Amino acid sequence: MLKQEFTITVYTENHIGLLNRIAIIFSRRKINIDSMNTSPSEVEGIHRFTIVIDETEEVVRKLARQIEKQVEVLKAYYNTNEEIIWQEMALYKVPTDEIAEKVKVERLLRKYGARAVVIRKDYTVFETTGQREETDKLVKVLEPYGLIEFVRSARVAIIKSSHGFHEKLKEFEAMDPGARLVENEFLNKQDEVFSM
Amino acid sequence: MLNTLKLPQKDVLLTKTETISGSEVVMKAFIAEGVDTIFGYPGGAIMPIYDALYDYQDRLKHILVRHEQGAIHAAQGYARSSGRVGVVFATSGPGATNLVTGLADAQIDSTPLVCITGQVFAHLLGTDAFQETDVINITTPVTKWNYQITDARELPVVLSKAFHIATTGRPGPVLIDITKNAQLQKIEYEGYTRCDYIRSYRPKPIVREEHVVEAAQLINQAEKPFVIWGQGVILGKAETEFAAFIEKSGIPAAWTILGLSAMPTDHPLNVGMLGMHGNYGPNVLTNECDVLIAIGMRFDDRVTGRLDKYARQCKIIHLDIDPSEIDKNVKATVGVWGDCKETLPLLTQLVSANTHPEWLQKFADYRQEEIKQVIHDEMNPASGEMTMGEVINVLNELTEGDAIIVTDVGQHQMVACRYAKFNTSKSNITSGGLGTMGFALPAAIGAKFGAPQRTVVAIIGDGGFQMTLQELGTIMQSEVNIKIIILNNRFLGMVRQWQQLFHDKRYSFVDITSPDFVMVAKAYGIAGQAVSKREDLKQALKTMLDHEGSYLIEAMVGKENNVFPMVPQGCSVSEVRLK
């Protein structure tokens, strides 16, 4: 099985130390995390981790099960890039005089959809939002014009097929979950998911 | 934190409160949870808790150990012999770090523990204060759950959560780190409510019956079905349900070393031990069966040998309470996620009554071969030095399989697990997953407190005994009655065996010298004797078992005996060697 980019989405309680508990699941197996973002979710009080790694599906499935095993984790999903909408944000700091002098730079920034966030005499900070290739490309383009600083955020992603976590949470909150609650979904689609 | 834990809603007008310290909350919580024994060691940062304990000595027995590692292994022994949660006290810094080996051991062997560690004052956290260690982060990978308390108002809820998490689902160790100010802090205590629900935690999954039906169909079509079981049967308290399933379906069953004793040794369908030093038939026939039914076990590498040559020919049914175990190492044809106490009766209902005489005969034939080539000479040698197996054999004769056997790690452990006889569950206590040398002596102490009416025999190697022999002091002080057999081969035997077989007999640092163990025991007021002659063995063991109080036997056994059968590392279970 080939490695590919997977986005793991984890719904959790908001708990000190949980970030470490989740991070060591990867480091124990010597797996590099490409990007990790934590944020509130659509449900109040529930946090959402978005983790990107480059691995085979089998490894990712096992990792998701290990994450879900943590007491404060409600649910872990994993998806390929085709199954999600995702974005990253990047900031670029460029000398203002360079931009003012060279009309070309302004044209480039427009082409890449960059927006000025701060304009000072000495430098200007631009922001773009997009996928990795797009933000990376702008770095290359700006380098000849004295790019001073560059930073990119972690990935945030929305799962295309998700109906949100409200319903799932209601099931989790029910003390006596009914038969409708499908807890071990992965057993349903075993054949599609696994191969050894 | 206080919000997310959902403090129990109480009618304020009706609730009587009392003002007590955080330390006293700990005592009250323990009593409410049915704790009767604590294994621990005091120190600066846990002094308020020990001060509270002073007033609770009549209700909470505290066993003072000689090292915190001893405390946690004793708590493990207690948990394993009683089926209840083991409880530990340790102080901050070195007290807490000394727990780490035991936590790792309990985590991998799914032993329910609640460990309380003291911590420096909250305002000193992160200042490199005296005996300050980041215990929460050190113990995160080796605990099922951990939490630091800096405000005593969190204590009732967090402690009830701790007991709930440690004991339910797949059990495991929980550590609660309490800063000294929280131990001292006075709070309005409203009583203790036991936790039975955490939103994000699913200890008891709903059983999907369609998977049980699928499993039953596979079993009913099978001609050569084979059951392999692990500690899940014991942890699920499902020994009766397991026996009913095996007896109705007539399927031969083999055990992992943590599953040992869930079914009596003499049961006709108990075909023996799996894995690296397991029995011949169960290993070879794993690769001949047509349906493999794994119950509460996790396909450890010591059980499976080379994974890509393991059980490739058969359909696999895997029953486990932990969904992350299903398809982790071995892909299951049918995964049944659930508590085996619940899933086994469903399965028993659906399987047809059967006997598999020809298939069972295969196990018997392999057994005969193993007896001829290995077992007979190990258990009943006529001449030469004493063997470990014959010590176990004589012990079996005298205890008739009624003792709790606690083993350490190494050759003696494999021999004891292979040959010791068991009649009742929860009688085999050993460090299986982690392989912690030094486990047996403290674990035996704990096992006796967990099952005071039973005989507890610790079987330990000369190497492992020296790792925690300071716990002889605990035996002396707490006047606990345990029987210790040191199988002394004057080598770190298992490593030596590997060096002989795989490293051209280059015996690198396995030649270990030992003190006079009988004299060491004597210094602690423990009676004992050394045995080196076959003809003295039975009488010595009898003296040990009849002795009132603890007793130590140092049995001198063959220096370079090897444990066979053996599945060499990297080999398939079919390639098990008899010599």
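Predicted model: local features only at pLDDT ≥ 70, side-chain atom pairs only at ≥ 80, totals over all residues.
**View 1. Chain B as a whole.**
Let's begin with the overall build of chain B, which has 23 helices and 20 strands. Its C-alpha atoms fill a box of roughly 75 × 60 × 40 Å along the principal axes. How does the radius of gyration of chain B compare with that of a compact globule? For 579 residues a compact globule would come out near 25 Å, and chain B has 25 Å, so the two agree. Of the 579 residues in chain B, 56% are buried. Among contacts in chain B with a separation of 6 or more, 78% join residues 24 or more positions apart.

**View 2. Where helix α1 of chain B meets helix α2 of chain B.**
Here we look at α1(B), residues 22-32, and α2(B), residues 47-54, whose axes come within 8 Å and cross at roughly 55 degrees. The two helices are therefore oblique to each other, and their crossing is right-handed. On the α1(B) side, look for Ser23(B), Glu24(B), Val26(B) and Met27(B). Their partners on α2(B) are Pro48(B), Ile49(B), Asp51(B), Ala52(B) and Leu53(B). Sorted by class, the residues of this contact are 6 nonpolar, 1 polar and 2 charged.

**View 3. Where helix α16 of chain B packs with helix α23 of chain B.**
From α16(B), the contact takes in Val391(B), Val394(B), Leu395(B), Leu398(B) and Thr399(B). From α23(B) come Leu537(B), Lys538(B), Leu541(B), Lys542(B) and Leu545(B). The contact between α16(B) and α23(B) has 7 nonpolar residues, 1 polar residue and 2 charged residues.

**View 4. The meeting of chain A and chain B.**
Finally, we turn to the place where the two chains touch: 28 residues of chain A are in contact with 26 residues of chain B. Which elements of chain A give two or more residues to this side? They are the helices α1 (18-28), α2 (57-69) and α6 (166-173), together with the strand β4 (73-80), of chain A. The side of chain A that touches chain B comprises 12 nonpolar, 7 polar and 9 charged residues.

How values were computed
Residues numbered from 1 in each chain as written. Chains lettered and ligands numbered in written order. Axes fitted to C-alpha atoms, helices over the stretch in contact; angles between N-to-C directions. Helix = DSSP H or I, 4+ residues; strand = E, 2+ residues; numbered from the N terminus. Parallel < 35°, antiparallel > 145°, perpendicular 65-115°, else oblique. Left-handed = near helix turned anticlockwise from the far one by under 90°. Contact = placed C-beta atoms within 7 Å. Nonpolar A, V, L, I, M, F, W, Y, C, P; charged D, E, K, R; others polar. Rg over C-alpha atoms; globule rule 2.2 N^0.38 Å. Buried ≥ 20, exposed ≤ 12 C-beta atoms within 10 Å, placed from the backbone.
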